[in-house]
There are 2 protein chains.
Amino acid sequence: MSHSCSEKANVLYALQEVNKQINQKFEHCTGVSQSRLDILHQLYETGEMSQKALQQQVNIDNAAITRHLKQLEERDVVSRRKNPDDNRVTFVKLTKSGHEKIGAFRNEKARFIDEAFKDFSEEEQLLLSKMLERLKVNISAIERS
Amino acid sequence: MSHSCSEKANVLYALQEVNKQINQKFEHCTGVSQSRLDILHQLYETGEMSQKALQQQVNIDNAAITRHLKQLEERDVVSRRKNPDDNRVTFVKLTKSGHEKIGAFRNEKARFIDEAFKDFSEEEQLLLSKMLERLKVNISAIERS
DNA sequence: TTATATTAGTTGATGTATCAAACATTGATG
DNA sequence: CATCAATGTTTGATACATCAACTAATATAA
């Protein structure tokens with residue numbers, strides 16, 4: 001029991017290691033943080049959208065979204081305007097120059113991902129994906145002690 | 001190509017999701033951050049050790065280690081002393097009261113881990129572990145563009 | 001033995017995620 | 001219509017990780 005438990009612990013630890021490694025390496029390669037790229041990626045895919053929708057897609061805090069967008073707006077990567085039909089929500093989209101820049105990052109990321117999974121077959125990817133999903137479900141179900 | 005690539009991207013994304021989820025949930029359950037628990041866990045396992053060795057084990061920044069330990073020392077969870085044979089290094093260990101407290105956290109974590117992997121067979125754990133290891137190797141090999 | 005390099009640890013600056021509190025706007029109810 | 005609840009966004013406080021610059025101690029080499 002103690003042994004199998006510590007084995008699981010190691011898997012969890014490995015997961016965190018890989019994750020940290022990904023973030024560090026990728027950010028080091030591109031100069032953009034993962035979460036910022038997630039935001040930009042989402043805007044690239046979706047076009048104009050509300051901050052709320054964006055926040056739900058990329059799954060980081062409201063406050064963080066606001067701050068990222070503020071900076072991105074200053075650098076003319078992103079533009080914002082109020083929804084004329086509901087002044088609570090603000091719409092965000094990539095600027096033209098932002099859109100161009102993001103293209104390069106997306107290629108970079110694609111390359112990164114291809115390298116990361118270079119020796120994974122389709123089946124293995126699927127397997128990994130399924131396992132992660134199960135982990136996610138299990139963890140969601142955990143109650144506060 | 002575009003399709004399989006975005007599939008990989010989703011796997012990577014899922015990995016990050018799970019990781020974030022783990023950290024949030026666990027910290028929410030115990031009130032201790034993962035990295036702080038890693039530090040305490042390591043001290044629990046190893047006993048007294050140098051900060052350098054600790055840092056290498058838990059793999060977070062020197063500066064972060066220093067700051068964690070400073071706080072833990074203030075709260076009497078940990079005690080530090082200089083290595084009399086080499087005044088550059090400082091040894092750290094759990095205090096008696098620290099040791100007791102950590103026991104509870106470790107149990108909490110064991111429970112958490114058991115829940116997370118509750119429907120995973122030994123083989124599956126091993127499989128996941130191997131895949132993560134491969135990812136790690138692949139990512140290590142990626143050069144800055 | 002004095003100068004230089006290396007090692008361990010600390011501190012300051014910066015970036016970013018989080019929660020909670022505040023705010024403005026809108027919707028719903030009496 | 002007036003009040004109250006809900007929604008979307010912002011700000012402030014806090015926590016943490018990272019890098020770079022710094023200090024102190026030791027090891028190396030001239």
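**Entry 1: the sheet of chain A**

I started with S1(A) and S3(A), which run antiparallel and are joined by two bridges. Before going on, I noted that this is a predicted model: local features need pLDDT of at least 70, side-chain atom pairs count only at pLDDT 80 or more, and totals for chains, interfaces and linings use all residues. Residues are numbered from 1 along each chain as its sequence is written, while chains are lettered from A and ligands numbered from 1 in the order in which they are written.

My labels H and S stand for DSSP runs numbered from the N terminus: helices are H or I with at least four residues, strands are E with at least two. I call two strands paired if DSSP finds at least two bridges between them.

Which residue is the bridge partner of Met49(A) in S3(A)? I found Val92(A) there. Next I looked at S2(A), which runs antiparallel to S3(A) and is joined to S3(A) by six bridges. Within S3(A), Thr90(A) is the bridge partner of Lys82(A). The link from S2(A) to S3(A) is a hairpin of two residues.

Put together, the three strands of chain A make an open sheet in the order S1-S3-S2, with antiparallel pairing. Its edge strands are S1 (49–50) and S2 (78–83), each of which pairs on one side only.

**Entry 2: the hairpin in chain B**

I then turned to chain B, where S2 (residues 78–83) and S3(B) pair in the antiparallel sense over six bridges. Here Lys82(B) stands opposite Thr90(B) of S3(B). A hairpin leads from S2(B) to S3(B) through two residues.

**Entry 3: H3(B) and what follows**

Which residues of H3(B) are buried? I count a residue as buried if 20 or more other C-beta atoms lie within 10 Å of its own, exposed if 12 or fewer, and partly exposed in between, with C-beta atoms placed from the backbone. The buried ones in H3(B) are Leu54(B), Gln55(B) and Val58(B). They sit on the same side of H3(B) because they cover an arc of only 100° around the axis, the arc being that of the directions from the helix axis to the C-beta atoms. Their cover includes H2, strand S1 (49–50), H4 and S3 of chain B.

Is Asn62(B) buried or exposed? Asn62(B) is exposed, because 10 other C-beta atoms lie within 10 Å. From Asn62(B) to Gln51(B) I read 8.3 Å, C-alpha to C-alpha, with the two 11 residues apart in sequence.

DNA strand C is surrounded by 21 residues, and the closest are Ser35(A), Asp61(A), Ala63(A), Lys52(B) and Ala63(B). Helix H2 (34–46), helix H4 (62–74) and strand S3 (86–94) of chain A give two or more residues each to this surface, as do helix H3 (51–58), helix H4 (62–74) and strand S3 (86–94) of chain B.

DNA strand D also has 21 residues around it, the closest being Lys52(A), Ala63(A), Ser35(B), Ala63(B) and Asn87(B). Near DNA strand D, at least two residues each come from H3 (51–58), H4 and S3 of chain A and from H2 (34–46), H4 and S3 of chain B.

**Entry 4: chain A against chain B**

How many residues of chain A are in contact with chain B? I found 42 residues of chain A in contact with 42 residues of chain B, where contact needs C-beta atoms, placed from the backbone, within 7 Å. On the side of chain A that touches chain B, H1 (2–30), H5 (96–116) and H6 (122–141) each supply at least two residues. H1(A) gives the largest share, 17 residues.

Last, I superposed the copies by least squares on the C-alpha atoms of residues with pLDDT of at least 70 in both. A rotation of 180° with 0.0 Å of shift along its axis puts chain A on chain B, RMSD 0.1 Å. That is the relation of a two-fold axis. The same surface serves both copies, as 100% of the contact residues of chain A recur in chain B.

How values were computed:
Near = placed C-beta within 6 Å. Contact = placed C-beta atoms within 7 Å.
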